[in-house]
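The points are numbered for reference.

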Amino acid sequence: MNLATMTPPPVDDLQRVALKVFLTNDSELDPRDAIPVFHRWIQTHAVNGLLIDVADYAHLPSGPSVLLVAHEGQYALDRTHGRLGLQYTQTRPLDGSLSERLEVLWRTLVSAARLLETDPALPGLVRFAGNEIDCIAQDRLCAPNTPETLATLRPTLESLLSRVSAETDWSFTRDTEPGAPFRVTAKSSSSAFLDTTAAQPATPNDD
Amino acid sequence: MTWKHALGERVPDDLGREIDTYENQMALKRQGKLDDKVFAETRLRRGAYGQRYDNGQRNDGTGVKPLPFPSDGRTKGPDTVWDAPGMHRIKIPFGGLTTAQMDTLAELAEEYSDGVVHITTRQDVQLHYVHIDDTPDLMRRLAAVGITTREACGNTVRNVTACPIAGVCRDETFDVTPYAQASARFLLGHPDAQDFGRKFKVAFSGCKQHACGLVNMHDFGAIGVTREADGATQRGFEVYVGGGLGAVPHEAKLFEPFMAEDEILPTLQAMSRVFARLGEKKNRARARIKFLVAQLGIDEFRRLVREERTRLPRDDRWTDYLDDLPAYGETPLKTGEPLGDVTGSGAFQAWSRTNVYHQRQPGYVVATVSLPLGDLSSDQLRRLATVARRFVGDTVRATVEQNIVLRWVRESDLPALHRELDAIGLARPGAESIADITSCPGTDTCKLGIASSRGLAAELERRLAGQIETMDESVRSLRIKVSGCFNSCGQHHISDLGFYGVSRHVGGHVVPHFQVVLGGKWVENGGAYGLAVGAVPSKNIPEVVQRITDRYVEERNDAESFYAFTTRVGKRALRAMFEDLMSVPAHDVDADYYRDWGDPREFGIGDMGIGECAGEVVSLTEFDLAGAESQIFEGQLQLEAGDFERADALAYGAMLQAARGLIKTENIDISDDAEQIVAQFRTRFFDTELFFDRFAGGKFAQYLFRRHARQTPASGADTARQLIEEAQLFVEATHACQARLAAQPPVIPPPPDGPSAAGSQS
């Protein structure tokens with residue numbers, strides 16, 4: 001769909017957006033091991049949102065592997081481009097500016113990531129890197145996969161990262177695969193872990 | 001900018017209007033101005049289906065718990081919460097996909113679903129976890145690439161399926177694709193196909209011997225045949241009717257051994273009329289055409305259809321497409337070329353053995369992309385589209401075995417194609433083998449699912465995939481098909497080894513089981529239906545598969561087929577092979593039996609919903625009334641915007657549509673012409689006083705007559721507002737009139753000789 005000649009809605013209208021953090025190379029998580037954990041999270045309301053169900057796509061070599069589906073968004077152990085990580089996608093509209101919404105997303109993601117890291121059913125299997133974050137815009141109308149979208153979004157992302165991470169030297173690389181959604185990878189040169197670099201997340205359901 | 005604006009003229013006018021109307025009806029439903037059943041059928045007919053837990057409750061393993069969606073009591077159908085995620089079914093006639101359509105499907109999966117595209121057992125695509133608010137834009141983006149979701153669900157003509165290798169098959173009679181395409185186009189939105197009590201499925205096959213179109217299990221199935229007449233070869237079809245699986249499977253009956261090609265569409269139309277007129281409407285469990293055929297008998301059914309055929313006014317569309325048949329065909333992207341002496345890697349050889357079919361056209365092959373459980377991720381689909389562009393172009397089809405085939409692959413390209421498919425995780429070998437298992441969604445997402453069909457299928461695939469290369473050839477080619485319940489969406493009746501989900505109460509617990517179905521035949525268009533032999537706990541099913549296939553290898557006579565083996569051995573002996581596996585250990589001995597595959601929750605069925613597969617039985621009148629209300633709503637918007645002429649036109653249009661809906665209860669062929677509508681409304685409902693209100697008499701009818709007599713549209717706000725109010729009252733009066741006319745039983749005309757069939761109607 002070539003929308004380049006039209007005036008898209010402002011990027012600030014972007015609602016369907018995702019953030020993803022990656023497992024470190026030495027993490028040994030089999031996504032299927034998270035299925036009982038996600039079911040338990042539903043029972044205990046462990047993470048943000050109206051938690052609905054768990055979807056098992058672990059048979060797929062790329063894309064979402066195991067999903068915890070909420071009304072407001074989707075928590076996914078995601079294998080897009082072959083790299084396993086935890087992704088949270090906001091699927092229903094949030095109030096506030098894009099910057100504020102991204103921060104809510106980040107806190108939601110980090111809360112879930114830290115819970116996975118510390119879950120007794122997954123001892124030593126999960127650790128997330130703190131030096132690499134993907135931001136994916138699942139809305140080709142609002143945020144087409146173009147350099148202009150990156151230029152527009154970049155200050156918001158930089159501002160977010162300065163608020164939520166101790167890292168400072170972020171570089172931004174856009175995925176240029178034709179047809180793919182807008183995806184930018186923010187990477188810092190350190191080898192930090194999420195548990196040490198991320199600002200303390202809020203507790204679940206506090207927003 | 002919205003998608004509607006962005007896509008502009010890329011959405012065909014008729015589809016655009018249809019989607020606008022749907023969006024208006026969504027707005028009315030949000031305001032509580034549309035009945036639950038009417039709206040449910042409205043969205044179902046556009047592919048927007050319910051999904052498990054949309055009734056707002058779920059068993060979380062400790063009990064059934066409420067899911068408090070923020071819907072404030074709003075619903076999108078009976079017992080269906082507005083904000084609960086749903087499934088969207090997308091019709092792909094004969095499974096044919098272009099690369100642009102694949103791109104769009106990938107985008108929609110990312111933006112509105114969960115990033116996964118699912119291929120169904122009837123060559124459809126399904127997206128899950130879709131919010132209903134997103135469905136109009138989803139439909140627009142599909143329409144812009146030539147796909148409509150209209151009539152993907154509900155009591156309509158469903159996706160028209162056809163053999164995925166039609167046109168390139170080595171032993172087909174002729175390519176049935178253009179006939180499937182013409183049937184799909186002709187029946188889509190056809191007025192005679194809108195008033196069914198249940199769905200109607202059509203399939204085309206190019207031969208009798210293979211599975212191909214699975215004609216034997218369809219409401220209308222056509223197998224391509226030819227005959228010699230007057231020194232020329234004539235094309236036609238061996239036509240079967242009344243087949244169907246479901247809880248009560250029926251094998252199709254031969255309707256006609258040779259139906260000339262130019263009679264296919266008029267016969268479908270005549271059959272639709274008979275089905276609409278005489279088919280069961282109240283009891284949906286007996287509303288498929290198979291029950292009508294069984295009730296009337298095939299001879300009487302045939303007589304009624306032929307009689308109806310003679311009454312049909314000529315429609316050029318019946319035969320127009322035939323003129324283009326000589327030119328029909330796919331253009332290969334590349335010149336054919338044999339593979340030559342290339343042997344390739346072991347992985348390539350394994351893949352070639354099971355996933356490559358040599359076309360009848362020299363130098364070309366069909367490559368099957370085997371999809372686990374019919375799934376592929378959005379990025380896989382987008383990259384597959386890129387691969388298809390490079391190797392075959394737009395000659396891609398989805399299959400009823402939940403795979404995708406690339407047709408017209410130059411044989412010498414196979415090693416390169418395999419490498420590229422492997423790079424995107426789509427070079428799984430074992431296509432159309434015992435390890436390529438078909439499964440319906442089951443408890444994963446279906447409201448009716450009892451046991452986890454996908455969980456079982458995934459487990460069986462895991463176990464069998466590693467054995468494919470070493471297992472006996474007679475076992476490798478068997479088919480396993482799994483349904484989550486008795487409704488047979490996984491087509492378990494026509495597989496070698498079929499399973500469908502049931503439950504059993506054991507010691508105060510509920511235990512997931514599968515009935516083992518044996519005796520089915522996949523070949524010969526689903527040539528025989530298997531029967532349930534015994535219910536086995538889910539966790540023992542892999543062992544059942546192992547034992548039965550081992551016995552088959554050990555005891556088969558020469559080249560005896562699995563079907564022949566099961567027939568010879570008999571059900572009693574077959575059951576004895578796994579009878580010891582039918583018992584369930586106590587919960588405290590092995591609690592694993594009390595959980596389903598891939599699901600750690602204690603099993604339970606207390607959160608099942610009410611299925612929507614049957615759709616809601618809504619008459620043509622109700623549809624027109626819903627459309628009339630939508631027009632009134634749109635008129636109000638135009639009034640607000642200051643376009644009084646448009647508001648006036650919409651209000652007038654609403655009255656005409658409501659009147660036409662009422663007329664359809666007596667005359668299905670009423671046209672769209674305003675003069676005819678008003679004249680017939682006057683004679684049928686005004687002069688007879690059927691339309692009269694107990695207190696207001698014929699007052700509301702006068703609103704229509706007055707506006708019709710006035711030649712000029714309203715130019716002022718007051719006149720337009722008044723007409724909108726009058727139109728609303730007219731529609732209310734039509735509702736009331738329709739309610740008074742309801743409950744008239746259908747009348748079956750008697751056969752020429754013999755007693756009336758009406759007496760036997762249940």
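1. In this predicted model, 43 residues of chain A contact 47 residues of chain B, contact meaning heavy atoms within 4.5 Å. Local features need pLDDT of at least 70 and side-chain atom pairs pLDDT 80 or more, whereas totals for chains, interfaces and linings use all residues.

2. About 3800 Å² is buried between chain A and chain B, with carbon and sulfur atoms giving 56%. Buried area is the accessible area (1.4 Å probe) lost by two parts on being put together, summed over both.

3. Seven salt bridges are found across the interface of chain A and chain B (a side-chain nitrogen of Lys or Arg within 4 Å of a carboxyl oxygen of Asp or Glu). One of these joins A:Arg140 to B:Glu107, at 3.7 Å from N to O. On the side of chain A that touches chain B, 22 residues are nonpolar, 13 polar and eight charged.

4. The structure contains seven cavities of 30 Å³ or more. A cavity is a set of points on a 1 Å grid over the protein atoms alone where a 1.4 Å probe fits but cannot get out; lining residues have an atom within 4 Å of a point. The largest cavity holds about 280 Å³, and among its 26 lining residues A:Asp78, A:Thr80, A:Gln87, A:Gln138 and B:Glu110 are closest to the centre.

5. Helix H12 (378-391) of chain B gives the most to the lining of the largest cavity, with four residues. That lining comprises six nonpolar, 10 polar and 10 charged residues.

Methods. Residues are numbered from 1 along each chain as its sequence is written. Chains are lettered from A and ligands numbered from 1 in the order in which they are written. Side-chain values use heavy atoms; hydrogens and water are left out. Ala, Val, Leu, Ile, Met, Phe, Trp, Tyr, Cys and Pro count as nonpolar, Asp, Glu, Lys and Arg as charged, and the others, Gly among them, as polar. On a 1 Å grid over the protein atoms alone, a cavity is a set of points where a 1.4 Å probe fits but cannot get out, and a pocket is an open set with protein on both sides within 12 Å along at least five of seven lines; lining residues have an atom within 4 Å of a point. Grid points are joined across faces, edges and corners, and a volume is the space filled by probe spheres set on the points. Helices (H or I, at least four residues) and strands (E, at least two) are DSSP runs, numbered from the N terminus.
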